Amino acid sequence: MEPQVRILSTKKLSPNHKQYLLNADFSVIEADFIGIEYKNFSIGQPNEFLIFTSQNAVESVLKNKDYTEILHKRCFCVGEKTKALLEESGFVVLVYADYAAELASLICNKYQKQTFTFFSGNLRKDILPEAMQLAQIAFEEIVVYETVYTPQEITSKPDGILFLSPSAIESYVQLNKITDQVCFCIGQTTAEAAEKYTDNIVIAQQPSVENVIVQCIKYYSKRENH
């Protein structure tokens, strides 16, 4: 009998997500390798449109006492979950994309004359602001949360690791090595961070936790069938 596949998730999973892995007969270890600290900030007089590239940025803005003042502003965002959270909170999402590069392209091609306020995190990628600067689009950036590394040593070696952000990889390698484990990555940016340590990478077809888990289950079921 094959030994049980050991999966490490670098973010604590919802009960449903964990159950998918347990139903596939994997043993599951989970730990949060990054933490989020929401910042105090002034919303001030934001520009015509708002940009959010993560749910954390939305959560931080919702904690601000003045957020109702900007509910009438239309939003541009990255990710279905970010879009859903904005809409649940009363915002109107005008444009959304799966990746920051796609959003940058849409803004630069169709909204060059508009002005934007970008609510971001301290470790955000440069793709979007750089593209907007090059296209000479007026925007201001407000850093509304910080990503904090919370590395922990994993003593029993996993077979596969679920990585849901580039910062989770950087946190993981502070106390652990990536050797022959398969790294299941939520998207292209996370995969690029993993490439510094391994070629053993599987990228989700959609940037969602569900799809990372689907790819993980598929990978091991294929391997068993060969």
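Mentor: Before we start, a helix axis here is a line fitted to C-alpha atoms over the stretch in contact, and angles run from 0 to 180 degrees between N-to-C directions. Keep in mind, too, that this is a predicted model.

Trainee: Thanks! Are helix 4 and helix 5 roughly parallel or roughly antiparallel to each other?

Mentor: Their axes come within 9 Å and cross at roughly 20 degrees. Angles under 35 degrees count as roughly parallel. Helix 4 and helix 5 are therefore roughly parallel.

Trainee: Which residue class makes up the contact of helix 4 with helix 5?

Mentor: From helix 4 come A100, A101, L103, A104, I107 and C108, and they meet I127, L128, A131 and M132 in helix 5. By class, this contact has no polar and no charged residues, and 10 that are nonpolar.

Trainee: Let's move to S165. Is S165 buried or exposed?

Mentor: S165 sits in the loop between strand 9 and helix 6. Leaving out residues up to four places away in sequence, S165 touches I34, I186 and T190. Buried means under 20% relative accessible area. Because its relative accessibility is 14%, S165 counts as buried.

Trainee: Which residue's backbone nitrogen does the side chain of S165 reach?

Mentor: A polar contact needs a pair of N or O atoms within 3.5 Å. The S165 side chain comes to 3.1 Å from a backbone nitrogen, that of A168.

Trainee: Last one: how far apart in space are I142 and V61, C-alpha to C-alpha?

Mentor: I142 belongs to strand 8, and at 10% relative accessibility it counts as buried. In sequence, I142 and V61 are 81 residues apart, but in space their C-alpha distance is 10 Å.

Conventions: Residues are numbered from 1 along each chain as its sequence is written. This is a predicted model: local features need pLDDT of at least 70, side-chain atom pairs count only at pLDDT 80 or more; totals for chains, interfaces and linings use all residues. Side-chain values use heavy atoms; hydrogens and water are left out. Helices (H or I, at least four residues) and strands (E, at least two) are DSSP runs, numbered from the N terminus. Buried means under 20% relative accessible area, exposed over 50%, partly exposed in between (1.4 Å probe, protein chains only). A polar contact is a pair of N or O atoms within 3.5 Å; within protein, one must be able to donate a hydrogen and the other to accept it, and residues adjacent in sequence count only if both atoms are side-chain atoms. Contact means heavy atoms within 4.5 Å. Angles under 35 degrees count as roughly parallel, over 145 as roughly antiparallel, 65 to 115 as roughly perpendicular and the rest as oblique. Ala, Val, Leu, Ile, Met, Phe, Trp, Tyr, Cys and Pro count as nonpolar, Asp, Glu, Lys and Arg as charged, and the others, Gly among them, as polar.
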